[in-house]
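Please examine the sequence and the structure shown here.

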Amino acid sequence: MVCPNCKTKNEDGAVYCENCGTRLSEKVKKEAKPQPEEPKKEAKPKKTVKAKKENKVKTEAPESGYKSAKGIITTLSVLIVVMALALGVGLWQNNAGKSQSAAATTEEEETDSAKTTEKTTEKATTEEKEEEDEDLPDIEAKDKVDYSKVLTLSAYETFSADGYSFAYPKDFYKKVSSTDNGYRFESDDEHEWLEYSKEKVSGSQSTSEAISSIRSGLMSRLTERNDILYKESSGLCIMGGVEKSDKEQAIYYLSRVQGNYIYTMEIGYGYPGTSPSTEKNQKDYYVDCLYRYCSFAGGSYKPRSYSMFLDDDMGTKK
């Protein structure tokens, strides 16, 4: 294709002349009819046009490049923002993962610690129970009391407690347990039991005041009572009787005040009433043995045999 402006031959389909930059597409339409060559003097206006067109072309090119650069910068900015967000999310997820991992680890450690504490507590409780059991008198549990089992001295076992000692039948009661102040033996029969205790004297009471107060309490509590032995000066009170609240409950109560403490042995048994003399004798002998074995009773005689008891033989002095 020949440029109508500078007559330079261009490739077919070219839009602008490669020599002068004249737009060829518009000239093609005008070249439908051949025209005579124009004089050179008329080329100046054409050059002006060419210059303007060149300027136009040259002006448009940088704008295109500017827009392209602007687009690249915008794209890069978007990419940077996206990468920053992705990095931030990644760091957050990483930190969150670490936090969750740390939380899970802490929870596991707390669980393990709780389990260890629980096991330690259970072990301590078991050891305490075993220790308590070791501190309890040893008995052979019986479902029913049988006074024929306590008629020999070999049926009794001695036990040392907190500053005192006592004896108990080994195969007579069902169970033994610790109380706040001592020990209690019990059977399935609610009327058959035995208890030892030691507790401090209340306030600034003297020995005589303390033992007098104990006797007054027993007088109000029991009926058919019997002052077996009462020594106010030495702080000793032994009384028998029947509970006012339960006519079938017989009580043998021995209490002694020594120093700042009150020592007590209390025996509960079914009231003999009209029982045969044999049963009465067995129960009386049982009480006699417990009295003679008890360290704070103050008795002067050693435990005696059942036959000596029946013969009213006081036996041997301590």
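Two strands are said to pair if DSSP finds at least two bridges between them. Strands (E, at least two residues) and helices (H or I, at least four) are DSSP runs, numbered from the N terminus. The model is predicted: local features need pLDDT of at least 70 and side-chain atom pairs count only at pLDDT 80 or more, while totals for chains, interfaces and linings use all residues. Residues are numbered from 1 along each chain as its sequence is written, and side-chain values use heavy atoms, with hydrogens and water left out.

Seven strands form an open sheet with antiparallel pairing, in the order E3-E4-E5-E9-E8-E7-E6. Its edges are strand E3 (175–178) and strand E6 (222–231), each of which pairs on one side only. From one strand to the next, the twist averages 15 degrees; such angles run from 0 to 180 degrees between N-to-C directions, with axes fitted to C-alpha atoms, for helices over the stretch in contact.

Within this sheet, strand E7 (residues 236–243) and strand E8 (residues 249–258) run antiparallel and are joined by seven bridges. Gly-241 has Ile-251 in E8 as its bridge partner.

Helix H3 (residues 207–221) packs on the sheet, where it touches E6, E7, E8 and strand E9 (261–270); contact means heavy atoms within 4.5 Å. Helix H4 (residues 277–293) lies across strand E5 (193–200), E7, E8 and E9, and runs at about 165 degrees to E9.

Helix H4 includes Arg-292. This residue, Arg-292, counts as buried because its relative accessibility is 5%, the limit for buried being under 20% relative accessible area, with exposed over 50% and partly exposed in between (1.4 Å probe, protein chains only).
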